[in-house]
Amino acid sequence: MTRLTLSRALNEGLRKALENDPKVLIMGEDVGKLGGVFRVTDGLQKDFGEARVVDTPLAESGIVGTAIGLALRGYRPVCEIQFDGFVFPAFDQITTQLAKMRYRSLGNVTLPVTIRIPCGGGIGAVEHHSESPEALFTHTGGLRVVACSDPVDAYAMIQQAISCDDPVIFFEPKRRYWERAEVDIAGGLDAALPMSKAKTLVAGTDVTLLCYGPMVKTCVAAAASAADEGHSVEVIDLRSLAPLDTETIFESVRRTGRCVVAHEAPVISGLGAEIAARVSEECFYHLEAPVLRVGGFATPYPPSRLEEHYLPDLDRVLDAVDRTFGY
Amino acid sequence: MTVNDAGRATSADSLPYGGQPESAEFIQLLTPEGERVENPDYPLEISAEEIRSLYRDLVLVRRIDFEAIALQRQGELGIWASLLGQEAAQIGSGRALGPRDFAFPTYREHGVAWCRGLDPVRLLELFRGVSHGGWDPNAHRFHLYTIVIGSQTLHATGYAMGVQRDGAVGEDGEAVIAYFGDGATSQGDVNEAFIWASVTNAPVVFFCQNNQWAISEPLERQSRQPLYMRAHGFGFPGVRVDGNDVLACLAVTRKALQAAREGQGPTLIEAFTYRMGAHTTTDDPTRYRLAAELETWKLKDPIERVKAYLVRNDMAEESFFTALDAEADELGARIRKACREMPDPDPMAIFENVYVEPNALLEAERDQYATYLDAFEEEVIG
């Protein structure tokens, strides 16, 4: 076992992917000598060369568009979008081309492209550096969308995403890049949970708290606080946002009878809305309370001096948990 | 203004806003009157048999186009994007491709599809609405039609970057060609593709069919300068060719592809042509352009000049033209029949080929809809 930051765990995962498959390429802005602005690709260009770890021109549509072309040629590109708010120039290529190519070709073409996006706020950044655009991608058929929350998952899931034959949007929790954990980078991934499965982090009996990415740490802490107040909260890290592991979600909610979904993204039309609807349909007679959502407001992301109000913190999560006991 | 070997403009680099360049300012090997012209930069050794073969392609793709328009009028196709007037640009460039080269088309490249051996009936699937394309791009080295304007130029460039990584540049190398129109040159993706291709020296040829009209918008809405000149700013050669001259399109594309294969990087070819028909069958060009313009371009028809050349030089007997007419009739009949007989896909096909790996939520939706449909059948039977 090695103690690694989440950023380093991704780095080790990328390194393994580059070692294991000569078709894997890394491409993005500043991913070479600089090692990426979050150092996720640190040292990889030095070890694997400029043809495999590619510093691209500064244009996100170009990064994804050329990655599609490379994938058509048999390569397995991993694109880095430097910040969440910069994925939008590539949104056209992702949604009109990458997501649909297999469908349009009646299965003749597969595009195993991974798009890494550092997401979320909480680092005091300027505008466009703190967005949570996941629902825009989960709404698009043909994409898989996943979010890692800790170094162990980061290491395994990035490799699983790269080896997946479908296009994968891979969200990395920006404010958790420096969190540390023991990661087994010596062994293989055989024992790792499949990327499509949710993971129950805290077992509980009274309410199911669903979260992913940067909110996982907050929600685990909230469960500990709730336990002090006598509420047993089950925390599930969704990990896969598209498709959702509804089996794990429904099994839990049917036991607990209550459900709260937490994400940094705006509540309105967010992933929580989809989950709430599905839980209502499938767990209706088990529910003691409506599914509650806690997340960002229906506003643009605020200036960073206000982000602590915008981002759901431990107290706002606990508030939602408490409210489910008020019905 | 003249154009040198590298395709660089040597004088009068810019035109006044809205100015249309003179038609003489391009590479031409066969005049509209059917006179052969030599160009020392583009020598073309070509036999009578090869010219007859090019002529056959031109005639047959025009026939495919004619049939498809008729099928749309009869309600058999939802829409059709006509290539009328652009046959020479497509057949000339398409025939320049080697078997290992790879083409990335727009939705109008029916002539290039023909050159790549794709059955025209496959094209109709898309316009009839039974698939979004669906052919195997690798089988024909011809990518799917791309409808979003300019997206495919980045795919072509990325593919060419893969060719480089595979070591397939140099002697016996492979090249990639990206097709797009004059309107697409305003898209970010096309400009990004130029940048990527330039800085990576990718083996890609950018083949722009400047048909003068982006639906209703004339070229001066897109550019103050002749389009081929843009290449200079990106750091690679640009050349303009008479897009209605199949011989010139063949020679110019051949040279650019060879340069790409040998590792000399990209070239922008502007094929100066004219969209003689509507943008698509839903368009009405009488709302935005004058009939007189079409009349002047009819005099530059890409097919008539080849016929004139063949006849004048005794390169084809009357029997050749008669046989070709019969072949076109036969092709037309086959297309009409295949189109009318083309079945709608099974409703469950909606759910197929979305993902490679299992997706439980999608499978649940599929099963739910299948059960829903079955319920109607039971009602009918019951």
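## A covered strand in chain A

A:Thr200 stands opposite A:Ile236 in β11(A), a strand that spans residues 233-237 of chain A; strands here are DSSP runs of E with at least two residues, helices are runs of H or I with at least four, and both are numbered from the N terminus. This is a predicted model, in which local features need pLDDT of at least 70 and side-chain atom pairs count only at pLDDT 80 or more, whereas totals for chains, interfaces and linings use all residues. Residues are numbered from 1 along each chain as its sequence is written, while chains are lettered from A and ligands numbered from 1 in the order in which they are written.

Strand β9 (residues 199-202) of chain A runs antiparallel to β11(A) and is joined to it by three bridges, where pairing requires that DSSP find at least two bridges between two strands. Strand β10 (residues 207-211) of chain A, by contrast, runs parallel to β11(A) with five bridges, and A:Cys211 stands opposite A:Asp237. Together with helix α8 (residues 215-228) of chain A, β10(A) and β11(A) make a right-handed β-α-β unit, meaning that, with the strands pointing away from the viewer, the path from the first strand over the helix to the second runs clockwise.

In a regular strand the side chains alternate between the two faces of the sheet. On one side of β11(A) lie A:Val233, A:Val235 and A:Asp237, on the other A:Glu234 and A:Ile236, and all are buried (20 or more other C-beta atoms within 10 Å of a residue's own; 12 or fewer count as exposed and values in between as partly exposed, with C-beta atoms placed from the backbone).

## Domains of chain A

Chain A is divided into domain 1 (2-183) and domain 2 (199-326), bounds that come from an automatic or database domain assignment. Taken over C-alpha atoms, the centres of these two domains of chain A are separated by 26 Å. Contact between them involves 23 residues of domain 1 and 21 residues of domain 2, two residues being in contact if their C-beta atoms, placed from the backbone, lie within 7 Å.

On the side of domain 1 of chain A that touches domain 2, the elements giving two or more residues are α6 (134-138), β6 (144-147) and β7 (168-173) of chain A, and β6(A) gives the most, with four residues.

The domain assignment of chain B gives domain 1 (48-341) and domain 2 (347-381), whose centres, taken over C-alpha atoms, are separated by 39 Å. Within helix α4 (residues 120-128) of chain B is B:Val121, which counts as partly exposed because it has 16 C-beta neighbours inside 10 Å. Leaving aside neighbours within four places in sequence, B:Val121 is in contact with B:Ile335, B:Ala338 and B:Cys339.

Between the chains, 34 residues of chain B are in contact with 36 residues of chain A. The elements that give two or more residues to this side of chain B are α6 (151-165), α7 (188-200) and α13 (360-381) of chain B, and the largest share, eleven residues, comes from α6(B).
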